[in-house]
Amino acid sequence: MAPCNSETLPVSADTGSTKTKPWPWISQPSLSFTLFLMASFAVTKAFPQNPVVRLHSKSPSSRLAFLQCRQNSTNQNWLFGTNMRICGVPSKSDVNKVSASLTDVSPKQETAKSSLPKGDTWSVHKFGGTCMGSADRIQNVANITLNDSSERKLVIVSAMSKVTDMMYGLVQKALSRDESYLEALDKVFDKHMGTAKELLEGEDLARFLAQLHLDVSNLKAMLRAIYIAGHATESFTDFVVGHGELWSAQMLSYVIKKSGEPCSWMDTREVLIVNPTGSDQVDPDLAESESRMEKWFEEKAPAGTIIATGFIASTPQNIPTTLKRDGSDFSAAIFGAIVRARMVTIWTDVDGVYSADPRKVSEAVILKTLSYQEAWEMSYFGANVLHPRTIIPVMKDKIPIVIRNMFNLAAPGTTICEQKSDETNQNGLVKAFATIDSLALVNVEGTGMAGVPGTASAIFSTVKDVGANVIMISQASSEHSICFAVPEKEVGAVSAALHTRFRQALQAGRLSQVEVIPNCSILAAVGLRMASTPGVSATLFDALAKANINVRAIAQGSSEYNITVVLKQDDCIRALRAAHSRFYLSKTTLAVGLIGPGLIGATLLDQLKDQAAVLKEEFNIDLRVMGITGSNKMILSDAGLDLTKWKDEMKQNPTEADLDKFTHHLQENHFFPNKVLVDCTANTKIANRYYDWLRKGIHVVTPNKKANSGPLDRYLKLRTLQRESYTHYFYEATVGAGLPIISTLRGLLETGDKILQIEGIFSGTLSYIFNNFKGERLFSEVVSEAKEAGYTEPDPRDDLSGTDVARKVIILARESGLKLELSDIPVRSLVPEPLKDCSSAEEFMEKLPSFDAELSKERNDATDSGQVLRYVGLVDVSNQTGSVQLKRYDLTHPFAQLAGSDNIIAFTTTRYKDQPLIVRGPGAGAEVTAGGVFSDILRLASYLGAPS
């Protein structure tokens with residue numbers, strides 16, 4: 001339509017007059033009427049054989065009737081819709097007399113009056129856009145409907161998938177004067193025409209396509225009017241968008257009829273009445289809707305199966321509107337309440353309601369039941385359950401809602417029904433978890449707020465004035481501050497408005513600040529049985545703390561159905577998984593990064609592989625090795641390495657070793673809340689990283705002695721961090737390999753015992769050497785034998801120097817409270833001074849026999865006295881000293897009775913003064929050392945919530 005200065009519109013109203021209006025001078029208050037006139041004219045142009053468009057303004061049956069505009073508190077209603085008809089010679093099918101969008105759905109027929117039956121004879125089904133997404137899926141919907149044996153069935157359908165978005169897109173394109181709206185409308189037409197041709201045939205197909213052609217032609221006219229005016233009221237938009245439901249409902253009704261079952265279809269704009277409440281919401285008028293349903297039932301005398309449009313409705317003034325996004329669920333619940341249905345079934349593409357978002361928590365489970373309150377809470381907090389207001393209409397009559405998967409009919413789904421908080425619940429105290437992302441926390445605080453009435457009212461009225469949605473509120477009883485969460489996209493306007501509103505209070509110091517904390521998320525724990533059950537909050541916060549997650553705000557209503565916490569968005573997935581693991585019997589999952597796949601590391605990986613299935617099935621622990629790194633190469637995985645193939649993977653597909661990248665890979669995997677780095681090296685540089693790892697929330701398990709025996713200030717800093725956080729640092733294997741030395745010492749101290757002395761044979765290598773250094777055997781001979789048997793390090797000097805024993809002594813001394821440096825420990829070295837500078841282990845072993853005489857003499861002297869030589873470490877707590885010595889012991893002493901490479905440690909305490917507490921067992925070897933590390937990993941899992 002070309003622009004013009006004036007146009008004679010052939011509009012004949014009851015007066016029959018024809019009016020000329022110079023369009024550029026149409027006033028703004030008449031904009032809705034302008035659009036109406038333009039649409040009328042466009043319809044006339046679309047149908048040149050029908051030159052006259054008549055308005056029957058006095059008809060009482062108009063259902064799409066009034067398009068409103070308001071200005072200066074004036075309400076103008078302009079008749080548009082149900083009785084606008086395009087005149088001319090009617091076709092045989094009379095399709096030009098009526099229109100699903102602009103006129104009555106079908107010619108009125110005389111029907112016998114009948115009352116609306118209510119009760120258990122009705123079942124209500126709702127099928128969403130995904131279920132109606134193609135011809136095959138619509139046929140499946142028909143099959144499900146036909147297989148329902150209920151006496152009466154009311155089936156609510158959405159538009160085909162993506163059609164609602166396409167229809168909104170049409171309006172937006174027209175508003176922005178983008179002529180591609182015509183092409184987009186053609187795509188909508190083609191989608192429905194193609195689907196209809198697959199499903200229908202003969203007269204049914206012809207009728208549907210005739211109606212589709214007519215509707216699309218009328219939509220072109222309306223969109224043309226919007227295009228010219230550059231404006232569309234909400235009613236115009238809702239009218240356009242609602243066509244998707246009209247077409248899908250008509251198609252489904254024809255498909256069911258084709259199967260031989262009688263079927264009626266309902267344009268719910270004739271029945272469902274809602275009152276817009278602002279904020280993109282509507283309230284259903286159940287009394288009026290039920291009255292209109294009664295009238296519709298009397299007039300239509302419908303079949304036992306009724307196909308009805310979801311999403312769309314009318315205002316009390318018969319203006320077309322919608323239930324807003326995802327409103328088809330709401331439609332089903334409203335009609336379920338109107339007919340007092342036995343059940344409302346919501347068909348979707350998931351097996352039911354999950355205990356958490358399965359995209360974030362892979363162990364989430366399908367819930368068999370939910371209470372109305374639980375479903376309501378989960379809906380509000382973003383869980384993909386139902387339209388948040390769907391539960392309201394059915395609660396009064398206790399009508400159950402069942403969520404089922406159309407694509408997996410074998411799945412029973414989730415039933416939402418009336419439940420009592422004291423009913424036995426197989427799913428535990430917390431039923432489910434939900435999250436909301438992209439939030440900001442606004443904190444208003446100041447001493448001037450305390451005891452001042454109206455402060456909260458002023459804050460939230462200011463927030464309301466900018467149209468922001470407050471999702472959560474928290475206030476301390478001191479009234480010193482109020483914090484609340486809003487969508488991050490709205491926080492700028494909220495902050496500016498609050499600063500303006502409280503400018504004087506801020507300047508005077510009555511308010512200290514209006515603080516905005518961005519990048520927040522909400523985690524909500526929902527469960528009916530949480531009410532009046534002690535310890536639920538403690539368990540939740542313990543789980544979050546052990547995952548090293550800081551909680552920024554907390555809220556819980558007096559109903560106790562919900563605990564809500566605000567935390568950093570970066571921590572959200574980790575928090576969700578940690579909470580779910582603690583409450584929901586999902587596996588306590590540990591993401592493991594292993595450093596040093598040498599003898600001990602490789603043995604540990606074999607042990608993990610062999611025990612993985614048992615840990616999952618019996619102890620509910622899931623250990624995932626996410627990466628393995630050596631000094632030169634590493635392998636990484638997002639979901640966990642296959643421990644049967646890691647050696648091949650390390651050979652075939654490694655990347656260059658980079659400890660920073662390795663750590664980042666583990667830390668940034670948000671799907672696993674608990675991460676642990678296992679250091680199986682003896683590397684000082686790696687040990688120096690422990691503090692940073694713990695500070696980042698990564699647990700550390702290690703047999704590496706370097707951190708705990710290194711510089712005292714670094715050790716104290718590490719232990720202080722460990723005590724102040726919920727990040728764990730386990731190092732049992734640093735002293736006794738697989739023996740419980742550290743844990744025994746801690747147990748004594750924690751129970752109030754006082755350590756007097758710790759004495760022990762801490763080296764398996766030196767234990768073997770001196771257990772076999774007897775009779776006439778030479779020291780060098782025994783050392784050579786130990787080296788060949790694999791008991792020593794590649795260079796035996798590392799064992800014979802005593803440094804390793806000294807490190808164990810310093811670790812035990814520090815655990816006992818002594819602040820000693822390694823240099824404070826005198827060590828008896830077994831490496832002859834002239835041999836310390838040998839260039840190789842081979843040279844050392846070659847020259848060692850030259851020094852046998854000294855040690856042989858010491859042994860012989862001990863033997864003559866009825867004693868044996870033992871290489872021991874000593875912590876004298878009473879005198880605050882430590883030492884490493886070659887000592888004599890009587891043959892009756894426990895240290896003299898060792899065999900092989902066993903270790904033995906004696907704790908002399910105030911409780912065990914006369915007879916020391918002895919711990920004895922294998923103290924060297926890859927198997928026992930790896931076992932000690934494995935034990936620490938399992939202890940960590942028990943701390944994090946796994947069964948102990």
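Two strands count as paired if DSSP finds at least two bridges between them. Strands (E, at least two residues) and helices (H or I, at least four) are DSSP runs, numbered from the N terminus. The model is predicted: local features need pLDDT of at least 70, side-chain atom pairs count only at pLDDT 80 or more, and totals for chains, interfaces and linings use all residues. Residues are numbered from 1 along each chain as its sequence is written, and side-chain values use heavy atoms, with hydrogens and water left out.

Strand S9 (residues 152–157) runs parallel to strand S13 (residues 305–309), and 5 bridges pair them. Within this pairing, Lys153 has Thr305 in S13 as its bridge partner. Both strands belong to an open sheet of 8 strands with mixed pairing, in the order S10-S13-S9-S8-S16-S18-S19-S17. Strand S10 (263–266) and strand S17 (369–371) each have a single partner strand, so one side of each is left without a neighbour in the sheet. On average, neighbouring strands here are turned by 20° against each other, direction ignored; axes are lines fitted to C-alpha atoms, for helices over the stretch in contact, and angles run from 0 to 180 degrees between N-to-C directions. Helix H7 (residues 243–258) lies across S9, S10 and S13, at about 165° to S13. Contact in this text means heavy atoms within 4.5 Å.

A second open sheet has 6 strands with antiparallel pairing, in the order S21-S22-S20-S23-S25-S24. Its edge strands, S21 (472–475) and S24 (551–556), each pair on one side only, and the twist averages 30° from one strand to the next. S21 and strand S22 (residues 481–487) run antiparallel and are joined by 4 bridges; Met472 stands opposite Ala485 in S22. Two helices lie across strands of this sheet. Helix H13 (residues 491–501) lies across S20, S22 and strand S23 (513–526), at about 25° to S20.

The next topic is charged side chains. The structure holds 39 salt bridges, each a side-chain nitrogen of Lys or Arg within 4 Å of a carboxyl oxygen of Asp or Glu. One of them joins Asp186 and Lys220, at 3.7 Å from N to O. This pair links distant parts of the chain, with Asp186 in helix H4 (residues 181–199) and Lys220 in helix H5 (residues 202–229), 34 residues apart. Asp186 has 34% relative accessibility and therefore counts as partly exposed; buried means under 20% relative accessible area, exposed over 50%, and partly exposed in between (1.4 Å probe, protein chains only). Lys220, at 33%, is also partly exposed.

Asp571 and Arg574 form another salt bridge, their closest N and O atoms 2.8 Å apart, and both residues are buried. Lys118, Glu290, Glu294 and Arg340 are linked in a network of salt bridges.

Leu748 sits in helix H25 (residues 741–750). With a relative accessible area of 7%, Leu748 is buried. Not counting residues up to four places away in sequence, Leu748 touches Asp753, Ile755, Phe907, Thr909, Tyr912 and Leu917. The C-alpha atoms of Leu748 and Arg911 are 9.3 Å apart in space, although 163 residues separate the two in sequence.
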